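This briefing goes through one structure topic by topic. Please look at the sequence and the 3D view first, then read the points below.

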There are 2 protein chains.
Amino acid sequence: MGNEGERDSAGVQSVDRALSVLKLLARHGELGVSEIAAELGVHRSTAFRLVATLENHDLVHQNDERGRYRLGIGVVRLAGATTARLDVVREGRPVGARLAAEVGETVNIAILDRDEALYLDQMAGTSALQAHNWTGRRIALHATSNGKVLLAYAPTGRFEEVTAGRLTRFTERTVTDAARLREELDAVLDRGYATAVDELEVGLTAVAAPVFGADGTVVASLSASGPTFRLTAERLSAVAAQVVAAAAEVSSRLGWYGRARFGQ
Amino acid sequence: MGNEGERDSAGVQSVDRALSVLKLLARHGELGVSEIAAELGVHRSTAFRLVATLENHDLVHQNDERGRYRLGIGVVRLAGATTARLDVVREGRPVGARLAAEVGETVNIAILDRDEALYLDQMAGTSALQAHNWTGRRIALHATSNGKVLLAYAPTGRFEEVTAGRLTRFTERTVTDAARLREELDAVLDRGYATAVDELEVGLTAVAAPVFGADGTVVASLSASGPTFRLTAERLSAVAAQVVAAAAEVSSRLGWYGRARFGQ
DNA sequence: CATTCTGGTGCGTGATACGCAACTGGATGC
DNA sequence: GCATCCAGTTGCGTATCACGCACCAGAATG
C-alpha cells in the first residue's frame, strides 16, 4: 500500500534491508518480526537478526519482552546531532526565535525534501492557541506557505513533477488546479513571499519567505503561522514584511550577499 | 570524546558497522571515507560501500561531489516519525504547550537515556529571551532540574553509577558532591519536583516534575525553564506547582491513576 | 489440550560483502 | 608544469558471513 518505488537501492544488501526496516517502522509505527520479514521478503530469522542489530544501537525498541518493535530513541539522538550541524537551523534559530516573539506567532523552518516540505525546526509564539509541533513532519508542497516558497524557487521541472499527480485537497480553499498554482508561484517569485489561508487546515494561516544560501539558491523557507482570525488580511502584509526581513537575515548569515535574483 | 565502550554489539556485522558510521558522524559531524574506514578498522572500499548504502536512504549526505560525509535529512524524517509515536511526547505536547503559555517560559520533556537526560520535545514560552532548542540533546543528570527528577526516581543503583565518576562542573553552583546530590534528590522525592538555579548555565533556572506511566514508574520529566532574573525564588514555587500539575495531567493521560508512591 | 500463532536460536552452506589493486581527479610539492 | 600524494570510487575473486532451514519456547486461539 502506498509505497514509493525505490528499486534502485543497491549497496550492501543487509544494510539496505536494515535501513528499510527503519523506514517501515516510520511508516507503520509498530511491527512484529514476522510482518517485517513479510514486507522485506526474507525469512523471519533474517528479519529478527536485522532488528536485533538495530536494537543494539537503540534505533529500534521492543515494547515489552517478546513484543512488537518500534523506532527507538537512538534515532532522536542522531537527529539532534544532525540538526545541530545543519547550517540553516543553527543560523535560523535565533532569528526565528526573535521573529516569533515579535509577531507572537509560531515560526517554522522547512526545506525541500523530494516532493514535500520537511519541517526542520519550530519556534513557538506567544499564543496559547498553538499549532502542533511540526518538526520532522513532511507536508505536501501546494498547501502551505513554506511549500509554495520552496516550490516556487525549486529547480525547473520540479513543478511539473509535483503537478503530474493529483494535488490533494485538504480544505475547500486548497489550490488543486495546476494552472492556478503556477500563477500563485509566479506571484510568490514576484513579491518574495507566499501565503496560505485555510488551505491546509481551516483556521490556519501562514506567511513564508525564502532563505538563500551562499550560492544564491534557496536552501530553506521561513514561515510564521497562526490562527486565521488573528492573522487577518490587513495584518498579513505587515507580518509578511517581517518574515521576509528575518529570512533575509538568515540568508546573510549563511553567506548570501546578493539581492533576490529571479529566474536565475 | 567520552565514548562508551560498546564491544558487545554483535548481530549482523555489516549492519552493525553501518550504524556505527552513523554514530561516528553524529560525534564528529563530518568525516571522509578514509577516516571512517580507520575508525571502523576496515578497508576504505568497505567503508565507502557502507556510506553509499546509507546515502541511498538519505541517512548520510555528501557535501559536494567527492567530498566528506555528514548525517542526512533522512535522520530527521525518522526522528519525526519516532517522536510522533512516542506516547510521552504525544500526550505531553498539548499539556506542555498550555503550560508554556501560562507561565510564559520554555517547557521541555526529557527522558532517562542511559546516564544522561535526553530532551525529546520543547515548547517555547512567550519570552524573546529564549534558550536554545534542546530537542535531541543529551545533558548530564546532575546539573539540570529534569536530570535531577529522572535520577531521583531512577532504578536503584543508577545513582551510584552516575556518581561513580566525577560530576562535571558547569558553573560555580553546579552540585558536584555526591552526598550533596543525594540530599537534593531525597528532597526531590519528598516535594515531588526539582529545581536548578544557575547550575548548568549562569542565569538559567528551571523547575521539573516527574511524569508517571501506567505502571507507576517515571517515564519522563517535564520542566519549565527561563532566565534566573524572571524565575526568582519567590516565583519559583508557584511555577513549580503549575509544572507539577501539568506533569500529573500528562501522567493521567498515560494511564496513571495512583498517587505518587515513593520507594516503590 | 491440540493447534497455530508469535519471537528467538544453533547450524551448515552458498550468496555476498570483504580486501586487494587499480583508477580518477584535485591538491600539494618543487 | 610535471611528479607525487591523497582523496573518493570501482571490478574482481575469494573467504567470510549472513542467510534460510529446522527447531524451541511461550502466548493466544479454538
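## Domains and overall picture

In chain A, the C-alpha centres of domain 1 and domain 2 lie 33 Å apart. Domain 1 of chain A covers 2–71, and domain 2 of chain A covers 80–253. The model is predicted.

**Confidence in chain A**

- Chain A has a mean pLDDT of 85, and 90% of its residues reach 70 or more.
- Residues 1–9 of chain A have pLDDT below 50, and this stretch has 2 contacts in the model beyond near neighbours in sequence.
- Residues 260–264 of chain A also have pLDDT under 50. Beyond four places in sequence, the model has 4 contacts for residues 260–264 of chain A.

**Surface near DNA strand C**

- DNA strand C has 20 residues around it, and those that come nearest are Gln13(A), Gly32(A), Ser34(A), Ser45(A) and Thr46(B).
- Two or more residues each are given to this surface by H1, helix H2 (33–40) and H3 of chain A, and by H1 and H3 of chain B.
- The surface near DNA strand C is made up of 4 nonpolar, 11 polar and 5 charged residues.

**Surface near DNA strand D**

- DNA strand D is surrounded by 20 residues, of which Thr46(A), Gln13(B), Gly32(B), Ser34(B) and Ser45(B) are the closest.
- On the chain A side, helix H1 (13–28) and helix H3 (44–56) each give two or more residues to the surface near DNA strand D.
- The classes near DNA strand D are 4 nonpolar, 11 polar and 5 charged residues.

**Contact between chain A and chain B**

- Chain A brings 51 residues to the contact, and chain B brings 52 residues.
- On the side of chain B that touches chain A, at least two residues each come from H1, H3, strand S2 (69–71), helix H4 (73–85), helix H5 (87–103) and strand S4 (116–123) of chain B.
- H4(B) supplies the largest share of that side, with 11 residues.
- By class, the side of chain B that touches chain A holds 24 nonpolar, 17 polar and 11 charged residues.

**Strand S8 of chain A and its partners**

- Strand S8 (residues 218–227) of chain A is mostly covered, with 9 of its 10 residues buried.
- Strand S7 (residues 204–212) of chain A runs antiparallel to S8(A), and 9 bridges join the two. In this pairing, Val211(A) stands opposite Ala220(A).
- S7(A) and S8(A) form a hairpin with 5 residues between them. Gly216(A), in the turn, has a positive phi of about 90 degrees.
- Strand S3 (residues 106–113) of chain A is also antiparallel to S8(A), with 5 bridges between them. Here the bridge partner of Asn108(A) is Ser223(A).

**Strand S7 of chain B and its partners**

- Strand S7 (residues 204–212) of chain B is mostly covered, and 8 of its 9 residues are buried.
- Strand S6 (residues 194–197) of chain B runs antiparallel to S7(B) and is joined to S7(B) by 4 bridges. Thr195(B) has Val207(B) as its bridge partner.
- The hairpin of S6(B) and S7(B) has 6 residues between the strands, and Asp198(B) in the turn has a positive phi of about 60 degrees.
- Strand S8 (residues 218–227) of chain B is antiparallel to S7(B), and 9 bridges join them. Val211(B) has Ala220(B) as its bridge partner in S8(B).
- S7(B) and S8(B) form a hairpin with 5 residues between them, and Gly216(B) in the turn has a positive phi of about 90 degrees.

**Ile111 of chain B**

- Ile111(B) is part of strand S3 (residues 106–113) of chain B.
- Ile111(B) counts as buried because it has 20 C-beta neighbours inside 10 Å.
- Leaving out residues up to four places away in sequence, Ile111(B) touches Val88(B), Leu118(B), Leu120(B), Val219(B) and Ala220(B).
- Ile111(B) and Pro227(B) are 116 residues apart along the chain, and their C-alpha atoms are separated by 23 Å.

Technical notes. Residues numbered from 1 in each chain as written. Chains lettered and ligands numbered in written order. Predicted model: local features only at pLDDT ≥ 70, side-chain atom pairs only at ≥ 80, totals over all residues. Near = placed C-beta within 6 Å. Nonpolar A, V, L, I, M, F, W, Y, C, P; charged D, E, K, R; others polar. Domains from an automatic or database assignment. Contact = placed C-beta atoms within 7 Å. Buried ≥ 20, exposed ≤ 12 C-beta atoms within 10 Å, placed from the backbone. Pairing = 2+ DSSP bridges. pLDDT = per-residue confidence, 0-100.
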